[in-house]
Amino acid sequence: MSIALVDPVTVEEEPPKAKPGGLKVVLAPVRGRLAAAGVLQLVGALAGLAPYIAVVEIARELLGGADRAAVWTWVAIAVGGFVLRTLCTAAAYTISHIADADLGLRIRRRMADRLGGVALGWFTERSSGRVKRVLADDVGAIHHAVAHALNDLVAALVTPLVAIGYLFVLDWRLALICLVPLGLWFAATAFELRDGGAQMKRLSAEFDKVNAAAVEFVDGIAVVKAFGQAGRAQDRYRRAGDDLARFFGEWQGPMRRLESIANTLIAPPMLLLVALAGGIWLRADPVEVIAFVMLAVGLGGPIMALGFGAMAMQAAAEAAGRIAELLATPELRRDATPRTPAGADIEFDSVRFSYDGRTQVLDGIDLHLAPGTVTALVGPSGSGKSTLARLLPRFWDVTEGAIRIGGVDIRELAEADLYRRVGFVFQETSLLRTTIRDNIALGRPEAELAEIHAAARTAQIHERILALPRGYDSEIGADAHLSGGEAQRVSIARALLADTPVLVLDEATAFADPESEAAVQDALSRLVAGRTLLVIAHRLHTIRGADRIVVLSRGRVLESGRHEALLAADGMYARLWRTQSGKEF
């Protein structure tokens, strides 16, 4: 089953920081194979010089009175060197590319395993564009570092160094002259890369802005059009693209001009001209000039390849840093010997929580949810309602205290066991880009079609699904386009089918259109029957019948009791009730 999350509107976030030394960490599993490829490339690079040296020696034999046997010996050496170079180079790149494919698969599996163990809240703090970039783009970006970098480096160093050493043996003066263009090229390249690390970080940040703007524009297009703000949404995406283009032009424009000049200096025609002019000026031996013409002309190729790969290597290092950062993301604690709860009592015991380790969002929460009861959380914005509700299904782990189900700390429960007991329907309805059937059966993939239909009927969405082009086989985002209320009822059907004894509801009708709110409320009434319910609602009239209403303020329990008792107490709940009653009725 191929699935992908449909994101809520993406919020702008800080650009990810690559972990230092990430490339070393990421390449560790294939280091041995890359070393073997490097050795083969070394042998191939050395063997590749044999034909050039053989031609020089053949010329020497022909000009000095040919020794037929010696000539054929050098011919054999040239052919053998060429064949050996071809075989070794092919083997080196085959090994490195297979290593790249294996490493990509290994990294993706490790990242999938890691993401399966991180806190669910980790995903709410990051845009899908950022996560997608690490999972897909960054794994592809390290291709150059694995498949090409070492082999190219060996070829770029060994071939020129050995060739230059041979030329120095022939004529050190002409060798020095031929080194001048190479020296100028290295100086220009060093100048180009003087601030490469900082600029790559800036480029990464600009790409993240474009990704975030693109996801926000696509996912929010219906909303912004409905309110006549499509132009503003397009403007943000356009500005992000313009900012990227402007930065890239300002950075790369001068570099490209300098790079063109530098590459011209080591182009074969330029090196040929330098070798011939130097040979004529020094009145060098014609045989030696032949050697310089052939070998000096070939010096620029591997060096230029190394220059072309420098930018790709910087990008690979940045990508590897982000991959290493993701692989180092702390996972939720997993107990080696999971325990099984005895019952469905829920207890919040002196719960404290902080997102950043400094500011307490929840401060000493004590609550008890008896089986089959409804507990409602109310309070002003920022009081900690949603955070408290999301701690129960382990979107995050508590900073201090404990949350227990049936007397067992939820951190000691197996993940599968926890989600068999705790379900949730949140205001951010996340459907998968797959069929309606798979969306409803997400918690129970083995469910029969009849059970899926029954859950959909109970959630008041069955008839709407049948009206879709392919019914339950219609795919979200392709031939199934649901309103907010309809999507909410699909998520309720999912929770009904999962049949968990504990349910967390967070603003369940927040995105319901007026026509479907009654259907959502009816579906919810069927969903919560017989379950332990923890619900958040800003519309207080929806939770008048709750067994217990808990009023939160600044992360603490301010009031607690039934609706009538809290009204009689004339505290914050009574003030909120009077305010809403005046507006709603």
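Helices here are DSSP runs of H or I with at least four residues, strands are E runs of at least two, and both are numbered from the N terminus.

A note to myself on the source: this is a predicted model, where local features need pLDDT of at least 70 and side-chain atom pairs count only at pLDDT 80 or more, while totals for chains, interfaces and linings use all residues. Residues are numbered from 1 along each chain as its sequence is written, and side-chain values use heavy atoms, leaving out hydrogens and water.

**Entry 1: H4 and H7**

I looked up the geometry of H4 (residues 68-117) and H7 (residues 143-170): their axes come within 8 Å and cross at roughly 160°. That makes H4 roughly antiparallel to H7 (over 145 degrees; under 35 is roughly parallel, 65 to 115 roughly perpendicular and the rest oblique). Axes are lines fitted to C-alpha atoms, for helices over the stretch in contact, and angles run from 0 to 180 degrees between N-to-C directions.

Next I listed who meets whom, with contact meaning heavy atoms within 4.5 Å. On the H4 side I found Ala92, Tyr93, Ser96, His97, Ala99, Asp100 and Leu103, and they meet His143, Val146, Ala147, His148, Asn151 and Asp152 in H7. By class, I have six nonpolar, five polar and two charged residues in this contact. For the classes, Ala, Val, Leu, Ile, Met, Phe, Trp, Tyr, Cys and Pro are nonpolar, Asp, Glu, Lys and Arg are charged, and the others, Gly among them, are polar.

**Entry 2: H7 and H8**

I then followed H7 to helix H8 (residues 172-192), where the axes come within 6 Å and cross at roughly 145°. H7 brings Ile164, Leu167, Phe168 and Leu170 to this contact, and H8 brings Trp172, Ala175, Leu176, Leu179 and Leu182. I read off nine nonpolar, no polar and no charged residues for H7 with H8.

**Entry 3: aromatic pairs**

I found six aromatic pairs in the structure. Rings of Phe, Tyr and Trp (its six-membered ring) pair if their centres lie within 6.5 Å; planes under 30 degrees apart are stacked, over 60 edge-to-face and the rest tilted.

Trp185 and Phe186 are edge-to-face, at 5.0 Å centre to centre with 85° between the planes. Trp185 is buried at 4% relative accessible area, whereas Phe186 is partly exposed at 43%. My cut-offs are under 20% for buried, over 50% for exposed and in between for partly exposed, with a 1.4 Å probe and protein chains only.

Phe353 and Tyr355 are also an edge-to-face pair, 4.8 Å centre to centre and 85° between the planes. I noted Phe353 as buried at 3% and Tyr355 as partly exposed at 43%. Ring pairs link Phe353, Tyr355, Phe395, Trp396 and Phe424 into a cluster.

**Entry 4: positive phi**

Arg394 has a positive phi near 60° and is not a glycine. I placed Arg394 in the loop between helix H15 (385-391) and strand S4 (400-405), and it is buried at 6%. Its C-alpha atom is 9.3 Å from that of Glu415, 21 residues apart along the chain. Glu415 sits in helix H16 (residues 415-421) and is partly exposed at 45%.

Gln460, not a glycine either, has a positive phi of about 65°. I located Gln460 in the loop between helix H18 (449-458) and helix H19 (462-466), partly exposed at 31%.
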